[in-house]
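Subject: Handover of a structure, with notes

Dear colleague,

Please find below the structure that I am passing on to you, followed by my notes on what was found in it.

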Amino acid sequence: MEDYVDFDFLRYIVSSNIRTTILFSLNEGSKSLNDLKSDVDLDSRNMLRVIRHLIDQDLISKTDKTYSLTNSGRLIALNLMNFLDLSS
């Protein structure tokens, strides 16, 4: 594992309320696209585009019709929640 923080990657994650909301939502457990759409006010087309980017970044994975956090995604979500003091 590398010993530095990729600030561009962190900036990419936190620069979008939609990305962080999806990560926080999936931190509660695996969800379908419809479940995610109820948490994020976004149409299906744009939601799928954001999800594809998060999959490409290895933050979420898709199994059948369910999305869940990868280990990296869970770590990022938990650390962001702690940093933003949203863990309670």
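Is aspartate 58 buried, exposed or partly exposed? With a relative accessible area of 45%, aspartate 58 is partly exposed, where buried means under 20% relative accessible area, exposed means over 50%, and partly exposed is in between, for a 1.4 Å probe and protein chains only.

Before the rest, two remarks on the basis of these notes. This is a predicted model, in which local features need pLDDT of at least 70 and side-chain atom pairs count only at pLDDT 80 or more, while totals for chains, interfaces and linings use all residues. Residues are numbered from 1 along each chain as its sequence is written, and side-chain values use heavy atoms, with hydrogens and water left out.

Backbone and sheet

Aspartate 58 is placed in the loop between H4 and S2; helices (H or I, at least four residues) and strands (E, at least two) are DSSP runs, numbered from the N terminus. Although aspartate 58 is not a glycine, its phi is positive, at about 60°. Most residues other than glycine have a negative phi. Aspartate 64, also not a glycine, has a positive phi of about 55° and is found in the loop between S2 and S3. Its relative accessible area is 69%, and aspartate 64 is therefore exposed. The hairpin of S2 and S3, to which this positive phi belongs, has 2 residues between the strands.

The strands form an open sheet of 3, in the order S1-S3-S2 and with antiparallel pairing, where two strands pair if DSSP finds at least two bridges between them. Strand S1 (31–32) and strand S2 (60–63) stand at the edges with a single partner strand each, so one side of each has no neighbour in the sheet. S2 and S3 pair in the antiparallel sense over 4 bridges; serine 61 stands opposite serine 68 in S3, and threonine 63 has threonine 66 in S3 as its bridge partner. S1 and S3, also antiparallel, pair over 2 bridges, with lysine 31 opposite tyrosine 67 in S3.

Salt bridges

How many salt bridges does a search of the whole structure find? The search finds 3, a salt bridge being a side-chain nitrogen of Lys or Arg within 4 Å of a carboxyl oxygen of Asp or Glu. Lysine 31, which is buried with a relative accessible area of 12%, forms a salt bridge with glutamate 28, where the closest N and O atoms are 3.1 Å apart. Glutamate 28 itself counts as exposed, because its relative accessibility is 65%. Lysine 31 also forms a salt bridge with aspartate 39, with the closest N and O atoms 2.8 Å apart. Through shared partners, these salt bridges join Glu28, Lys31 and Asp39 into one network. Aspartate 39 counts as partly exposed, at 35% relative accessibility.

Another salt bridge links the side chains of aspartate 8 and arginine 11 (2.8 Å, N to O). Both residues lie in helix H1, 3 residues apart, which is about one turn of the helix, and aspartate 8 counts as exposed at 54% relative accessibility.

Aromatic rings

A search of the whole structure finds 1 aromatic pair. It is formed by phenylalanine 9 and tyrosine 12, which are stacked at 6.5 Å centre to centre with 25° between the planes; rings of Phe, Tyr and Trp (its six-membered ring) pair if their centres lie within 6.5 Å, and planes under 30 degrees apart count as stacked, over 60 as edge-to-face and the rest as tilted. Phenylalanine 9 and tyrosine 12 both lie in helix H1 (residues 7–14), 3 residues apart. Tyrosine 12 counts as partly exposed, at 22% relative accessibility. The charged end of arginine 19 sits over the ring of tyrosine 12, 4.0 Å from its centre (the criterion is NZ of Lys or CZ of Arg within 6 Å of the ring centre and within 35 degrees of the ring normal).

Nonpolar core

The largest nonpolar core has 22 residues, and those with the most contacts inside it are Ile13, Ile22, Leu23, Met47, Ile51 and Ile60; such a core is a set of buried Ala, Val, Leu, Ile, Met, Phe, Trp, Tyr and Cys residues joined through side-chain atoms within 4.5 Å. Among the elements that give two or more residues to this core are H1, helix H2 (17–27) and helix H4 (44–56). Leaving aside neighbours within four places in sequence, isoleucine 60 is in contact (heavy atoms within 4.5 Å) with residues including Leu23, Ile51, Tyr67 and Leu69.

With best wishes
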